[in-house]
Amino acid sequence: MIQKRSTPQVHIETFGCQMNESDSELVRSMLKGEGFTFTTDRERADVLLVNTCAIRENAHNKIYAHLSELKGLKKQRPLVVGVLGCMAQSLKSELAEKEPLIDVLAGPDAYRQLPVLLSNAMAAQEEGFSRKGFALDLSEYETYEGVLPDRDNGVNAWITVMRGCDNFCSFCVVPYTRGRERSRDPEAILAEARDAAARGFTQITLLGQNVNSYRHGGWDFAELIAAVADTEGILRVRFTSPHPKDFPTSLIDAIAAHPNICKHIHLPLQSGSDRILTLMDRTYSGEEYLALVNRIRHTIPDIILTTDIICGFCSETEEDFLSTQRIVEQARLDSAYIFKYSERKNTIAARKYSDDVPDQVKGSRVARLVDIQRRITLERHRQYIGKDLEILIEGDATRSSAQGMGKTDGNVTVVWDKGTDPFEPGTLITKHIYEASAATLYGK
Ligand code: SAH
Ligand code: SF4
Ligand code: F3S
């Protein structure tokens, strides 16, 4: 055991994607194994951890704002502050050296070192000096095998199936913050699925930056998700994200064949202009994307498709943007996250191209596309009116505890008056949809 204060209390705050949520559960598990305890009350914590995201500039800004808040706290009492995750990895020395607030910096592949680094920092602080600890090596092998995540309570269990990304889309920082692609042992994943079911989770979401690249021994992702779906007690299996360039028919067939694999695919488009897609190194064209959408819909007619789109990538013209708009209108996807391009240091785009679309133009393209997609989303949601949908109950609605909230198979939020119906999060309930907005369905 490592030397430490009686039982140091840790508070962890997580920014960014589901992968970070999942990593925070690993961090919690490893620290608890070394005698640390966790608190949700920041005021009572001895150690403050922030798991960070680097995907866009506004993600950075949010975290900087958060860190400056922590500075205030650190003036009031002894505190050890650790910055984890993608921003820790991508800003390394810059963050560490000029920032007296930070005691420990650890990247996504270095969390096994956290207990030692935090203990050292705490011991030094008790002696009245500061000892910074950095663990920023990326690994080709680390998959945290043997670490069982300390899961957040709830309905859904995240299971990371692969780490890192080898795609190097030119705009994206992830290959630099999370390193090379590596897949976890399917037996370990299935054991985790069984463990999650035994603990009462009824939904599993498989995570990876590009799940289609999952390979381990003779297994591919289609085989893996089919095996996970066979876990007893699991009502729903979701996954994110696949890359459109290598979407295998076997995966479409596996989704179609298993009633408990949700009929929802998040399929990032990024752009509808072939010229921009080439500059992004996405390796498909707009037409190929549409053909994939049709291929999926042919096998699974009721599939829900969602996407990510970037507006204002380097050299994007009005004509390029209109190509994206055209694909969005033709594909009629169910919903989309639409982002302004944000240049990330060291990426291929930052090195090779100029971030030359004015911010205001980026913003207005985002707004135009959001308007179009909102109309399509609303039209699609209105098609549910008058239908009975099966909903996985998640908990109380945000507005009122008299209302329940849950998700359809296609991941659309539904809200209803609880009344005297049985209400147990994690179970399925059927509701008759009588009203729809672009964000929510209303059931009774
Ligand atoms: N691995 C996932 C994407 C993870 S990042 C995938 O390929 O599907 C989530 C989304 O953030 C991306 O799909 C992209 O639309 C957006 N994104 C990534 N880098 C960005 C950047 N530099 N500027 C703006 N948006 C970006
Ligand atoms: Fe980034 Fe592309 Fe990898 Fe997704 S597939 S994480 S967008 S490099
Ligand atoms: Fe952000 Fe890292 Fe996820 S950059 S989106 S937390 S992989």
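## Pockets and cavities

Picture a 1 Å grid laid over the protein atoms alone: a pocket is an open set of points with protein on both sides within 12 Å along at least five of seven lines, while a cavity is a set of points where a 1.4 Å probe fits but cannot get out. A residue belongs to the lining if it has an atom within 4 Å of a point. Points are joined across faces, edges and corners, and a volume is the space filled by probe spheres set on them.

This is a predicted model, where local features need pLDDT of at least 70 and side-chain atom pairs count only at pLDDT 80 or more, though totals for chains, interfaces and linings use all residues. Residues are numbered from 1 along each chain as its sequence is written, chains are lettered from A and ligands numbered from 1 in the order in which they are written, and side-chain values use heavy atoms, with hydrogens and water left out.

## The second largest pocket

How big is the second largest pocket? Its volume comes to about 450 Å³. Around this pocket sit 20 lining residues, and Asp302, Tyr384, Leu389, Asp409 and Gly410 are the ones nearest its centre.

Sorted by class, the lining has 8 nonpolar, 4 polar and 8 charged residues. Here Ala, Val, Leu, Ile, Met, Phe, Trp, Tyr, Cys and Pro count as nonpolar, Asp, Glu, Lys and Arg as charged, and the others, Gly among them, as polar. Domain 2 (156–382) and domain 3 (388–443) each supply at least three of the lining residues; the domain bounds come from an automatic or database domain assignment.

## The cavity

There's 1 cavity of 30 Å³ or more in the structure. The largest cavity holds about 90 Å³ of space, and 13 residues line it, with Leu26, Pro149, Thr160, Arg184 and Glu192 closest to its centre.

## Around the ligands

Which residues come nearest to ligand 1? Out of 15 around it (each with a heavy atom within 4 Å), they are Gln209, Pro268, Gln270, Asp308 and Ser342. Some polar contacts show up too (pairs of N or O atoms within 3.5 Å). The side chain of Gln209 has an N or O atom 2.7 Å from a nitrogen atom of ligand 1. Asp308 puts a polar side-chain atom 2.7 Å from an oxygen atom of ligand 1, and for Arg56 a polar side-chain atom lies 3.0 Å from an oxygen atom of the ligand.

Ligand 2 has a shell that includes Cys165, Cys169, Cys172 and Gln209, and this shell splits into 7 nonpolar, 3 polar and 1 charged. Among the residues around ligand 3 are Cys17, Cys53, Cys86 and Gln209. Ligand 3 lies between domain 1 (9–135) and domain 2 (156–382), because both give residues to its shell.

How many disulfides does the structure hold? The count is 0, with a disulfide taken as a pair of cysteine sulfur atoms within 2.5 Å. The sulfur of Cys262 is too far for a bond, because the closest cysteine sulfur, in Cys17, is 19 Å away. Cys262 is also buried (under 20% relative accessible area), at 1%.

Definitions and conventions
Buried means under 20% relative accessible area, exposed over 50%, partly exposed in between (1.4 Å probe, protein chains only). A polar contact is a pair of N or O atoms within 3.5 Å; within protein, one must be able to donate a hydrogen and the other to accept it, and residues adjacent in sequence count only if both atoms are side-chain atoms.
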